[in-house]
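Colleague: I want to learn how to read a model feature by feature. Can you take me through one?

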Amino acid sequence: MKTELFNAGAALADDLGVDKVDKVIRGCKVIQLGELNDDRPFFADRQTLDNVLELMSQPKKGLKARFTHSAALGGDGLNTHLGRWVNPRIDGDSVRADLKLAEAAEITPVGNLAEFLMTLADEDPESFGVSVAGILDSAMFDENNEIHAIRF
């Protein structure tokens, strides 16, 4: 099973990168197959990717994107609005999406988040990360504390 988790296909160059004119960061990796990179006992499998893709595809305007977890910068998230996740897709072992930055992300109370993220993603894409904030399906949990695939 572990070998299937890391069968990765490469994204096309046109699907990745920073477009400062249109204010889009293309091909951001939202989630990938395998164990999480923290201490939670969960992993992402193919069904997880399908689940994330389905949920991300539901809002016609795209899914809201925020800068970090709202509490980290104070407030309720309004001051950290970035824009919308659009064009979600499965790319090999990952779900990727484009981050379409809102004009409001340039004038937030905490600074120009749009310019900061575009510069960071352009200069050091490996330090640009995404955290999925969703409600976990209670069916994932059981009394044996076994490791389970993530379901939202």
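Colleague: Start with confidence. What is the average pLDDT of the chain, and which elements have the lowest and highest means?

Modeller: The general idea comes first. Where pLDDT is low, predicted coordinates should not be read in detail. Here the chain averages 83, and 84% of the residues score at least 70. Among the elements, helix α1 (residues 2-5) has the lowest mean, 32. Strand β7 (residues 94-101) has the highest, 97. Residues 1-13 have a pLDDT below 50. That stretch still has 21 contacts in the model beyond near neighbours in sequence.

Colleague: Now the fold. How many helices and strands are there, and what is their order?

Modeller: There are 3 helices and 8 strands. Along the sequence they run α-β-β-β-β-α-β-β-β-α-β. The chain has 152 residues, and buried ones make up 35% of them. Of the contacts with a separation of 6 or more, 55% join residues 24 or more positions apart.

Colleague: How do I read a helix that packs on one side? Which residues of α3 are buried?

Modeller: An α-helix has 3.6 residues a turn, so residues three or four places apart point the same way. In α3 the buried residues are L113, A114, L117, M118 and A121. Viewed down the axis of α3, they fall within an arc of 130 degrees, so they line one face of the helix. D122 and E123, on the other side of α3, are exposed.

Colleague: What covers the buried residues of α3, and which residue caps its N-terminal end?

Modeller: The cover includes β1 (17-19), β2 (24-32), β6 and β7. The N-terminal cap of α3 is N112. One of its side-chain oxygens lies 3.3 Å from the backbone nitrogen of A114.

Colleague: Next, the core. How many residues are in the largest nonpolar core, and which have the most contacts inside it?

Modeller: It has 24 residues, and I25, L82 and L99 have the most contacts inside it. At least two residues of this core come from each of β2, α2 (46-57), β6, β7 and α3. Helix α3 gives the most, with 5 residues. Take I25 as a case.

Colleague: Let me try backbone angles. Which residues other than glycine have a positive phi?

Modeller: Phi of K23 is near 55 degrees. K23 is found in the loop between β1 and β2, and is partly exposed at 23% relative accessible area. N87 has a phi of about 55 degrees. N87 lies in strand β6 and is partly exposed at 43%.

Colleague: What about polar side chains that are buried? What does R96 contact?

Modeller: R96 sits in strand β7 and is buried, with a relative accessible area of 15%. Its side chain makes a polar contact with the side chain of D91, at 2.8 Å.

Colleague: Last one. Where does T108 lie, and what does it touch?

Modeller: T108 is in the loop between β7 and α3. At 11% relative accessibility, T108 is buried. Not counting residues up to four places away in sequence, T108 touches N79, H81 and L113. A polar atom of the T108 side chain lies 2.5 Å from the backbone oxygen of G111. T108 and H81 are 27 residues apart in sequence, yet their C-alpha atoms are 8.0 Å apart in space.

Notes. Residues are numbered from 1 along each chain as its sequence is written. This is a predicted model: local features need pLDDT of at least 70, side-chain atom pairs count only at pLDDT 80 or more; totals for chains, interfaces and linings use all residues. Side-chain values use heavy atoms; hydrogens and water are left out. pLDDT is the predictor's confidence in each residue, from 0 to 100. Helices (H or I, at least four residues) and strands (E, at least two) are DSSP runs, numbered from the N terminus. Contact means heavy atoms within 4.5 Å. Buried means under 20% relative accessible area, exposed over 50%, partly exposed in between (1.4 Å probe, protein chains only). The arc is that of the directions from the helix axis to the C-beta atoms. A polar contact is a pair of N or O atoms within 3.5 Å; within protein, one must be able to donate a hydrogen and the other to accept it, and residues adjacent in sequence count only if both atoms are side-chain atoms. A nonpolar core is a set of buried Ala, Val, Leu, Ile, Met, Phe, Trp, Tyr and Cys residues joined through side-chain atoms within 4.5 Å.
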